[in-house]
Amino acid sequence: MSQHHPDSLTLMEYSAGNLSEPLALCVRLHLDQCPYCRSRVDMLDSLGAVLMEHQPRVSLPEGSFEAILARLDQTPPASAPPPRPAPLQALLGRDLNQLPWKRQFGDISVLDITDRFPDQPDRVVLQKLAAGGKAPAHTHRGNETTLVLQGAFADQNGVFRQWDFVALDQHHEHTPVAVGCEDCITLSVLSAPVRLTGRFTRLLNPFIR
Amino acid sequence: MMDKTRSAPARVKERLVTTTDQNPTRTDSPRDPWGQLLENVGRHQDRAAYQALFEHFGPQIKYYAMANGLASHADELVQEVFVSIWRRSCLYDWRKAAASTWIFTIARNQRIDMLRKMRRTRVERSVATDDLWQIPGEYEDEPVTSLHRLMSEKRVRQSLSQLPEEQLTVIAKVYMENKSHQAVADELEIPLGTVKSRVRLALNKLKVILQDQDS
């Protein structure tokens with residue numbers, strides 16, 4: 001089971017349906033692999049149900065139920081929905097390692113998928129750190145939420161393995177290193193560009209949007 | 001939900017005083033009455049059960065839609081939610097979620113879906129709403145769920161009334177008006193940190209927080 005989980009406030013915003021689509025995707029991918037967080041979300045969903053019950057009720061217009069019944073008669077009877085591809089497969093359509101990666105510098109490749117999430121301000125990127133590779137030291141100007149999709153990376157804060165959920169803000173400086181024998185692939189949602197802090201890599205800052 | 005009393009009408013007449021003991025609607029059972037109705041819809045396309053669910057949950061969902069800025073689409077949302085309940089009821093398993101919890105998540109997803117469709121730009125949506133927001137129990141192959149999942153709703157219901165007003169206000173705005181913690185802070189003109197600490201206090205009291213790594 002995953003060792004790094006979203007905090008309760010993030011799960012609450014997920015349960016309430018307030019997270020942006022890319023952040024909801026990170027949480028959902030984590031939930032699919034983490035029974036611990038699923039049980040936390042179950043409780044939060046129950047909280048939503050009880051709060052809904054405590055609100056005023058608004059009566060429905062005459063004939064509402066009949067209108068629904070009429071729609072049911074036009075639709076096939078209840079049956080199991082067709083199996084859907086996993087969310088990630090639905091989004092990317094193929095194997096993670098076969099994506100059109102763009103080599104950024106050194107051991108890092110990126111694939112910007114922001115355009116798959118219209119109507120929201122954050123940048124959404126897949127990042128690949130080659131096995132054994134090291135990313136330049138950097139901090140963040142905003143929040144960065146990362147989900148490990150493959151492999152593992154280690155930094156000053158610990159080791160992050162597949163399906164671990166990592167939330168960083170401008171106070172975290174880190175130098176991730178891919179550990180293990182696989183390339184480390186992450187899905188990151190960035191609310192502002194990262195800022196390189198290394199002595200030489202700082203010069204690259206304008207290039208890392 | 002009256003199955004037992006219907007199947008033994010004579011005995012019920014004789015023992016009217018004690019029937020509550022056998023009544024399947026009793027609230028201390030993890031199998032809540034709404035869950036039973038929902039299963040009847042799923043298994044037998046039971047329209048009477050479906051109507052009972054509609055009369056109970058329809059007005060709640062309408063308020064939910066109105067509080068969420070969907071006032072002019074509130075009746076439409078109720079309709080979408082109930083069509084979805086009908087279609088999915090065969091997937092409902094009372095051991096995995098209380099009926100009201102399951103219905104809340106369907107209402108939430110239909111609201112998100114409706115807003116996504118309204119905002120829809122030229123770009124196709126690449127991930128379906130239900131792939132982003134999970135309906136409890138639907139796509140899990142877990143064996144029969146632990147009791148705490150079933151009892152969580154009961155516990156939340158019992159402890160919600162003991163929450164201080166200021167904490168209740170904050171979590172109600174997050175859930176019912178779909179405001180982010182930041183938006184709640186802006187509206188109440190209090191710092192974001194205060195909103196977050198009220199939420200944490202509330203979740204602690206509701207025992208929703210099992211363990212937070214960073215708090």
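The secondary structure of chain A comprises five helices and eleven strands, and it is described here from a predicted model. Of the 209 residues in chain A, 39% are buried.

Chain A is divided into two parts, with domain 1 covering residues 8–74 and domain 2 covering residues 88–207. The C-alpha centres of these two domains of chain A lie 30 Å apart, and nine residues of domain 1 are in contact with eleven residues of domain 2. On the side of domain 1 of chain A that touches domain 2, five residues are nonpolar, three are polar and one is charged.

An unreviewed UniProt entry places the feature "domain: ChrR-like cupin" at residues 97–187 of chain A.

One sheet of chain A can be followed strand by strand. Three strands form an open sheet in the order E7-E6-E9, with antiparallel pairing. Strands E7 (158–160) and E9 (177–179) of chain A stand at the edges and have a single partner strand each, so that one side of each is left without a neighbour in the sheet. Neighbouring strands of this sheet are turned by 30° against each other on average, when direction is ignored. The pairing between strand E6 (residues 152–155) and strand E7 of chain A is antiparallel and extends over three bridges; within it, A:Asp155 has A:Gly158 of E7(A) as its bridge partner.

Chain B, too, is divided into two domains, domain 1 at residues 30–136 and domain 2 at residues 162–215, and the C-alpha centres of these domains of chain B lie 25 Å apart. The contact between the chains takes 66 residues from chain B and 53 residues from chain A. On the side of chain B that touches chain A, the elements that give two or more residues include helix H6 (74–88), helix H7 (99–119) and helix H12 (192–205) of chain B, while the largest share, nine residues, comes from H5(B). Sorted by class, this side of chain B that touches chain A has 34 nonpolar, 19 polar and 13 charged residues.

Methods: Residues are numbered from 1 along each chain as its sequence is written. Chains are lettered from A and ligands numbered from 1 in the order in which they are written. This is a predicted model: local features need pLDDT of at least 70, side-chain atom pairs count only at pLDDT 80 or more; totals for chains, interfaces and linings use all residues. Two residues are in contact if their C-beta atoms, placed from the backbone, lie within 7 Å. Helices (H or I, at least four residues) and strands (E, at least two) are DSSP runs, numbered from the N terminus. Ala, Val, Leu, Ile, Met, Phe, Trp, Tyr, Cys and Pro count as nonpolar, Asp, Glu, Lys and Arg as charged, and the others, Gly among them, as polar. Domain bounds come from an automatic or database domain assignment. A residue is buried if 20 or more other C-beta atoms lie within 10 Å of its own, exposed if 12 or fewer, and partly exposed in between; C-beta atoms are placed from the backbone. UniProt positions are given in the numbering used here, feature names are shortened, and annotations may be inferred rather than shown by experiment. Two strands pair if DSSP finds at least two bridges between them. Axes are lines fitted to C-alpha atoms, for helices over the stretch in contact, and angles run from 0 to 180 degrees between N-to-C directions.
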